[in-house]
Amino acid sequence: MFDLEEAINQRHSTRLFLRDKSVPRPLVEEALKLAVRAPSNSNIQPWHVVFASGPARDRLVEALLREAESKPPRVPPLPESFAHLRFELGALVYGSMGIARHDAEARRIARLRNWEFFRAPLAGIVCVHRDLDYVDSLGVGMFLQTLILALTARGVDTCVQVSIAGYPDIIREQLTIPEEMRILCGVAIGYSEPDFPANALRVPRNPLEQNITFEES
Ligand SMILES: Cc1cc2nc3c(=O)[nH]c(=O)nc-3n(C[C@H](O)[C@H](O)[C@H](O)COP(=O)(O)O)c2cc1C
């Protein structure tokens, strides 16, 4: 088991999992018990997660892939001032997969793995109540980060995925998502495929002073 600092440093997005190595349920429940210790506005505990594994996960993946083959996902585009960051990340991620910049077909195939939860055996659909405001998505985010750190500490790998939220109707057809819940994102959970080079990618961060200021006088 890692300590907190190790877990924070070890956590990264995994983009190919071992399909047949499932995550023991008691271990997921242990991590969830820690995740619900996250703070939230008025202790409303705004997180709602539906997990799919086994045939339920496979049916969901099949339906998502069928849809993704024919229709683009409904994911809100980044505003122009942030859009370059998506391209920079794309260059890093696809580059680490050995995909050339102009190889549109290879990129398409790699992108489609999103809707396969990157082959992870456990798929989470992360939701928030429709009546809550954006500040309560923060509460869900705190829960989710705690969950993925607790999983990392137990040797389990993850990837948070907004791409999954791009096909809400398909998810609702396949899983029981209460009507009042809005789907925020997916989370792929499993064990990293050690031979997939992109899993070794460590995405750099801005220097602190780019995003943080201190005012003292
Ligand atoms: C809200 C959110 C949505 C994300 N959506 C996706 C996604 O759809 N597909 C993907 O491959 N990665 C996705 N990611 C992973 C980010 O690309 C990743 O966290 C970021 O590039 C930093 O890399 P790291 O997680 O490896 O440190 C998402 C992360 C977050 C927090």
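Trainee: Why does Pro-39 count as exposed?

Mentor: The relative accessibility of Pro-39 is 52%. A residue is called buried under 20% relative accessible area, exposed over 50%, and partly exposed in between, with a 1.4 Å probe and protein chains only. Pro-39 therefore counts as exposed, because 52% is over 50%. The structure is a predicted model, in which local features need pLDDT of at least 70 and side-chain atom pairs count only at pLDDT 80 or more, while totals for chains, interfaces and linings use all residues. Residues are numbered from 1 along each chain as its sequence is written, and side-chain values use heavy atoms, with hydrogens and water left out.

Trainee: Where does Pro-39 lie, and which residues does Pro-39 touch?

Mentor: Pro-39 is found in the loop between helix 2 and strand 1. Helices (H or I, at least four residues) and strands (E, at least two) are DSSP runs, numbered from the N terminus. With residues up to four places away in sequence not counted, Pro-39 touches Trp-47, Gly-139 and Met-142; contact means heavy atoms within 4.5 Å. The C-alpha atoms of Pro-39 and Leu-89 are separated by 30 Å, and these residues are 50 apart along the chain.

Trainee: What makes the pair of Trp-47 and Phe-143 stacked?

Mentor: The whole structure holds 2 aromatic pairs. In one of them, the ring centres of Trp-47 and Phe-143 are 5.0 Å apart and the planes stand at 15°. Rings of Phe, Tyr and Trp (its six-membered ring) pair if their centres lie within 6.5 Å; planes under 30 degrees apart count as stacked, over 60 as edge-to-face, and the rest as tilted. The 5.0 Å is within 6.5 Å and the 15° is under 30 degrees, so Trp-47 and Phe-143 form a stacked pair.

Trainee: Why is this pair said to tie together parts of the chain?

Mentor: Trp-47 lies in the loop between helix 2 (25-35) and strand 1 (48-52), whereas Phe-143 belongs to helix 6 (residues 134-153), so the pair ties together parts that are 96 residues apart in sequence. Both Trp-47 and Phe-143 are buried.

Trainee: What kind of aromatic pair do Trp-115 and Tyr-167 form?

Mentor: The distance is 5.6 Å centre to centre, with 70° between the planes, and the pair is edge-to-face. Trp-115 sits in the loop between helix 5 (104-112) and strand 2 (122-129), and Tyr-167 in the loop between strand 3 (157-161) and helix 7 (168-174), 52 residues apart. Trp-115 has a relative accessible area of 5% and is therefore buried. Tyr-167, at 5% relative accessibility, likewise counts as buried.

Trainee: Is Glu-67 buried or exposed?

Mentor: Glu-67 has a relative accessible area of 17%, which means that Glu-67 is buried. Glu-67 lies in helix 3 (residues 54-70). Glu-67 touches Tyr-167 and Ile-170, apart from residues up to four places away in sequence.

Trainee: Why does Arg-57 count as buried?

Mentor: Arg-57 has 8% relative accessibility, so Arg-57 counts as buried. Arg-57 is also placed in helix 3. The side chain of Arg-57 reaches the backbone oxygen of Ala-120 at 2.7 Å.

Trainee: Why does Arg-182 count as partly exposed?

Mentor: Arg-182 is at 47% relative accessibility; because 47% lies between 20% and 50%, Arg-182 counts as partly exposed. Arg-182 has its place in strand 4 (residues 181-190). Leaving aside neighbours within four places in sequence, Arg-182 is in contact with several residues, including Val-126, Cys-127 and Arg-172.

Trainee: How do you know on which side of helix 2 the buried residues Leu-27, Val-28, Ala-31 and Ala-35 lie?

Mentor: Leu-27, Val-28, Ala-31 and Ala-35 are the buried residues of helix 2. They cover an arc of only 100° around the axis, which puts them on the same side of helix 2; the arc is that of the directions from the helix axis to the C-beta atoms. An α-helix has 3.6 residues a turn, so residues three or four places apart point the same way. The buried residues of helix 2 pack against strand 2 and helix 6. The face turned away from the buried side carries the exposed residues Arg-25, Pro-26 and Lys-33.

Conventions. Polar contact = N/O pair within 3.5 Å; in protein donor to acceptor, adjacent residues only side chain to side chain.
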